[in-house]
Amino acid sequence: MSAQAQMRALLDQLMGTARDGDETRQRVKFTDERVCKSHLLDCCPHDILAGTRMDLGECTKIHDLALRADYEIASKERDLFFELDAMDHLESFIAECDRRTELAKKRLAETQEEISAEVAAKAEKVHELNEDIGKLLAKAEQLGAEGNVDESQKILMEVEKVRAKKKEAEEEYRNSMPASSFQQQKLRVCEVCSAYLGLHDNDRRLADHFGGKLHLGFIQIREKLDQLRKTVAEKQEKRNQDRLRRREEREREERTGQRSGSRNRDRRRSRSRERRRRRSRSISREKRKSRSKSRERERHRRHRSRSGSHSRGHRRGSRDRSSKHKSSRDRSSREKSRERDKKEKSSSERRHESTNGKSHPKRSEEREAGEI
């Protein structure tokens, strides 16, 4: 990888996919199913074991440091539970490695000659001491590379002590079996990386194995798997507790709601009873008022009827009296008019007679006779 590519990868890892406004890279989000969740958590076996004897090649899913940066930023705000997917991936990988280890052990058991249980225990002790020496030497080399020389010297002193124990264990193992059988190379399968280890391997060979990338990569994968299991268990326990707490709160709210509902029902019932009482009181009051008003109206009607009958009788009497008086006046006026007519007629006749003189005596006499 060139220096420019390394700088670009470093910027992607620090700033994410949106560091330079590249829209094509933003089309794939870190939540996409095509993205490797183990890569986001920095525990993908394809990355860890790259360049070793068990190189797995490229992962079938997307690996992008910028997406890992996006995930780290988003995981600070909310929990995405990608640990579960990564744990499933690592468990399947470790299960496959353990299966290969068991097959290698069976193959060794078939090829190597059988030894007694006592001799096998002594050989196992020699193997364990070899592993301790190899691990200590690898650690001492790592501390020396980091510049921590004092700690590296202390570990080398511990290596010398373990070598002395190993020498004693080898003597016990040599004395417990024939020399011809002791000279044969006794192999053992590494429980971590399923590689073959020899009983008579020198310290350099052991240091190279236990300090090699393959063995350390498997250690990293297994440690990461244990860490993920603990994290998932804690999160599941926390989620269960939250779910239980929410259920208890909901049940408490329901109980309080039932109590408050019963209290509210009692309160509503009491209010309804009070309203009914008020309504009945108001209705009875209105009925009393209406009855009193009806009695008042009836009394007033009776009084008006009595006063009306009296006034009608009075008006009828006055009308009768007035009619009688008017009829008498009419009668007198008619009599007066008749007398006046008679007087006028008689006066007109006298004037006529006076004008005519005595030329018509017979006619006047006949008229008087007719009147009589």
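This is a predicted model: local features need pLDDT of at least 70, side-chain atom pairs count only at pLDDT 80 or more; totals for chains, interfaces and linings use all residues.
Start with the salt bridges; the structure holds 14 of them. Select Arg-34 and Asp-32: they form one, with their closest N and O atoms 2.9 Å apart. Arg-34 counts as partly exposed at 47% relative accessibility, and Asp-32 is partly exposed too, at 22%.

Next, pick Arg-68 and Asp-42. Here the closest N and O atoms of the salt bridge are 3.7 Å apart. This pair links distant parts of the chain: Arg-68 sits in helix 5 (residues 65-75), while Asp-42 is in the loop between helix 3 (37-40) and helix 4 (45-48), 26 residues apart. Is each partner buried or exposed? Arg-68 is buried, at 8% relative accessibility, whereas Asp-42 is partly exposed, at 45%.

Now go to Lys-235 and Glu-83, whose salt bridge has its closest N and O atoms 3.0 Å apart. Lys-235 lies in helix 11 and Glu-83 in helix 6 (residues 83-111), so the pair ties together parts 152 residues apart in sequence. Lys-235 is buried, with a relative accessible area of 19%, and Glu-83 is buried at 11%.

Select Glu-248, Glu-249, Glu-251, Glu-253 and Glu-254 to see a negative one. Glu-248 is in helix 11 and is partly exposed, at 37%.

Last stop: a positive patch of arginines, including Arg-263, Arg-268 and Arg-279.

Technical notes
Residues are numbered from 1 along each chain as its sequence is written. Side-chain values use heavy atoms; hydrogens and water are left out. Patches are made of residues with over 30% relative accessible area and no salt bridge: like charges are joined within 9 Å, nonpolar side chains (Val, Leu, Ile, Met, Phe, Trp, Tyr) within 5 Å. Accessible areas come from the Shrake-Rupley method with a 1.4 Å probe; for residues, only the protein chains shown count as cover. A salt bridge is a side-chain nitrogen of Lys or Arg within 4 Å of a carboxyl oxygen of Asp or Glu. Lys and Arg count as positive and Asp and Glu as negative; His and the chain ends are not counted. The place of a charge is taken as NZ of Lys, CZ of Arg, CG of Asp or CD of Glu. Helices (H or I, at least four residues) and strands (E, at least two) are DSSP runs, numbered from the N terminus. Buried means under 20% relative accessible area, exposed over 50%, partly exposed in between (1.4 Å probe, protein chains only).
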